[in-house]
Amino acid sequence: PKDGKYIVQIRESSFGGNGECRYRLHVGRFPRPTAVIPAGGRPGTTIDVRWLGDVLGERTEKVTLPGVMSREFALIAHDDRGFSPSGNAFRLSALENGVEQEPNNERPQATPFVAPLAVHGVIEKAGDVDNFKFAGKKGQVFEVRVLARQLRSPLDSVLEVFRASNGQGVGGNDDSG
């Protein structure tokens with residue numbers, strides 16, 4: 001609020017730090033988004049990404065991805081304030097991208113896509129659910145996997161797959177990827 005020297009104090013909430021409480025503090029005027037959507041893309045393509053969680057608000061940017069696959073990759077946000085001191089985890093994949101379309105909280109509103117595809121979404125508030133739908137044929141095999149934690153998301157996902165025709169559960173997963 002005014003010119004002067006300031007002190008920033010970091011501590012463990014119960015003062016019980018045991019050497020395992022790691023953190024990173026960045027102080028500056030640079031952009032610092034907490035997430036990017038989509039969180040992946042095909043190598044060599046140019047895509048529109050949406051930076052989320054920055055103190056100055058959400059913004060969109062066109063990004064050209066490197067032309068080679070890499071197991072570890074991060075997008076670094078930059079604007080007229082500078083460059084983010086660290087990147088946001090990003091998955092380079094041979095799959096095309098699809099992004100959720102709200103509203104999609106109820107199964108009849110599910111965002112449609114054609115498999116195989118990498119779909120991206122945001123759980124925006126408590127109780128939010130994202131539904132997606134695709135057509136499958138007898139004999140086709142798809143791996144359906146949530147990659148939130150691999151992309152450093154705090155999401156503790158629960159994944160369920162249902163038949164669109166009758167709502168019957170086909171499979172699901174909680175806590176093992």
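Two residues are in contact when heavy atoms of theirs lie within 4.5 Å. With that in hand, look at the chain above: residues 24 or more positions apart account for 39% of its contacts with a separation of 6 or more. Before we go on, note that this is a predicted model, where local features need pLDDT of at least 70 and side-chain atom pairs count only at pLDDT 80 or more, while totals for chains, interfaces and linings use all residues. Residues are numbered from 1 along each chain as its sequence is written, and side-chain values use heavy atoms, with hydrogens and water left out.

Let's take the whole chain to begin with. Its C-alpha trace spans about 65 × 40 × 30 Å along the principal axes. You'll find 0 helices and 15 strands in it; helices (H or I, at least four residues) and strands (E, at least two) are DSSP runs, numbered from the N terminus. Of the 177 residues, 24% count as buried, where buried means under 20% relative accessible area, exposed over 50%, and partly exposed in between (1.4 Å probe, protein chains only). The chain exposes about 13200 Å², with carbon and sulfur atoms supplying 51% of that area; accessible areas come from the Shrake-Rupley method with a 1.4 Å probe, and for residues only the protein chains shown count as cover.

What about charge? There are 23 positive and 22 negative charges, and their mean positions are 3 Å apart. Here Lys and Arg count as positive and Asp and Glu as negative, while His and the chain ends are not counted. Each charge is placed at NZ of Lys, CZ of Arg, CG of Asp or CD of Glu.

Now for a sheet. S1, S3 and S4 form an open sheet of 3 strands in the order S1-S3-S4, with antiparallel pairing. S1 and strand S4 (59-64) are at the edges with a single partner strand each, so one side of each has no neighbour in the sheet. From one strand to the next, the twist averages 35 degrees; axes are lines fitted to C-alpha atoms (for helices, over the stretch in contact), and angles run from 0 to 180 degrees between N-to-C directions.

Move along to strands S14 (residues 158-162) and S15 (residues 169-174), which run antiparallel and are joined by 5 bridges. Glutamate 160 has glycine 172 in S15 as its bridge partner. This hairpin has 6 residues between the strands, and glycine 167 takes a positive phi near 75 degrees there.

The loops have some details to spot too. Another cis peptide bond runs from alanine 115 to proline 116, with omega near 0 degrees. Proline 116 belongs to the loop between strand S11 (111-112) and strand S12 (118-120).

Is arginine 152 buried or exposed? Arginine 152 is exposed, at a relative accessible area of 58%. Its phi is near 65 degrees, a positive value in a residue other than glycine, and arginine 152 lies in the loop between strand S13 (132-133) and S14.

Note on methods
Two strands pair if DSSP finds at least two bridges between them.
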